Amino acid sequence: MVQYTLAQSPEIILTIPGKDSAKARDKAMDQLMELMDAGKLPTELEEGFGPQQLIEVKESTVDTANNGEDAITQAVQLLSNLATLKLKVQESRTEALEIRKSVDVLFSDNSVTEEEITRLKEGFKVLKNFAQANLRYQEARTKAEQARQVLDQALKSPET
């Protein structure tokens, strides 16, 4: 017996009689297509997904339990990181938006004082930090969606 999974949906296990071969991978692709047709695949696969992208599962049941625990630990860490980034973004948003309004003075024909330019230059650091934190937050949020799904799966009761 050989088992395959997908990087996009590691909870999906496709079991095929025999050993890892091109024929076994083709059979696994057939099973995968059946899951997709039945609407039981939680992930959209990109065009061009092929048998070579299937990942052979070679773990013992003890390793599988450990990987499940590792996935939960990683999911919690991702969610914790998201919470920290969200606070950081919220704390700097108001100040960054105020500074952003001041940037428009550079594009007007009105004269500005050296003091205004100095304040603006100092504000650029705040803008940069906010923008970077906001980008990290957006990326973390995308990853945290998967983490939330891992936790939801782990928290399901056995009778559901």
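Good morning. I begin with Glu-145 and Arg-148, which both lie in helix α3, three residues apart, or about one turn of the helix. Their side chains meet in a salt bridge, at 2.6 Å from N to O. A salt bridge here is a side-chain nitrogen of Lys or Arg within 4 Å of a carboxyl oxygen of Asp or Glu. Glu-145 counts as partly exposed at 34% relative accessibility, and Arg-148 is partly exposed at 44%. Buried means under 20% relative accessible area, exposed over 50%, and partly exposed in between, with a 1.4 Å probe and protein chains only.

A word on the source. This is a predicted model, in which local features need pLDDT of at least 70 and side-chain atom pairs count only at pLDDT 80 or more, while totals for chains, interfaces and linings use all residues. Residues are numbered from 1 along each chain as its sequence is written, and side-chain values use heavy atoms, with hydrogens and water left out.

Now the overall architecture. The protein has three helices and three strands, following the pattern β-β-α-β-α-α along the sequence. These elements are DSSP runs numbered from the N terminus: helices are H or I, of at least four residues, and strands are E, of at least two. Of the 160 residues in the protein, 24% are buried.

Let me return to the charged pairs. How many salt bridges does the structure hold? There are five salt bridges. One of them joins Arg-119 to Glu-115, with the closest N and O atoms 3.8 Å apart. Both residues lie in helix α3, four residues apart, again about one turn, and both are exposed. Another salt bridge links Glu-98 with Lys-101, the closest N and O atoms being 3.6 Å apart. Because Glu-98 and Lys-101 are three residues apart in helix α2, about one helical turn separates them. Glu-98 is partly exposed at 45% relative accessibility, whereas Lys-101 is exposed at 57%.

Arg-119 also belongs to the lining of the second largest pocket, together with Ile-99, Ser-102, Val-105, Val-112, Glu-116, Ile-117, Leu-120 and Gly-123. Helices α2 and α3 (114-155) are the elements that give two or more residues to this lining. The largest share, five residues, comes from α3. A pocket is an open set of points on a 1 Å grid over the protein atoms alone, where a 1.4 Å probe fits, with protein on both sides within 12 Å along at least five of seven lines; lining residues have an atom within 4 Å of a point. About 170 Å³ of space lies in this pocket. By class, its lining has five nonpolar, two polar and two charged residues.

Ala-140, in helix α3, is buried, with a relative accessible area of 8%. Ala-140 and Ala-83 are 57 residues apart in sequence, and their C-alpha atoms are 9.4 Å apart in space. Thr-73, in helix α2, is partly exposed at 44%. Its C-alpha atom is separated by 10.0 Å from that of Val-150, 77 residues away along the chain.

Val-150 also contributes, with Ile-72 and Val-76, to a nonpolar surface patch of about 190 Å². For such a patch, nonpolar side chains with over 30% relative accessible area and no salt bridge are joined within 5 Å. Val-76 lies in helix α2 (residues 61-103) and is partly exposed at 44%. Thank you.

Conventions: Patches are made of residues with over 30% relative accessible area and no salt bridge: like charges are joined within 9 Å, nonpolar side chains (Val, Leu, Ile, Met, Phe, Trp, Tyr) within 5 Å. Accessible areas come from the Shrake-Rupley method with a 1.4 Å probe; for residues, only the protein chains shown count as cover. Grid points are joined across faces, edges and corners, and a volume is the space filled by probe spheres set on the points. Ala, Val, Leu, Ile, Met, Phe, Trp, Tyr, Cys and Pro count as nonpolar, Asp, Glu, Lys and Arg as charged, and the others, Gly among them, as polar.
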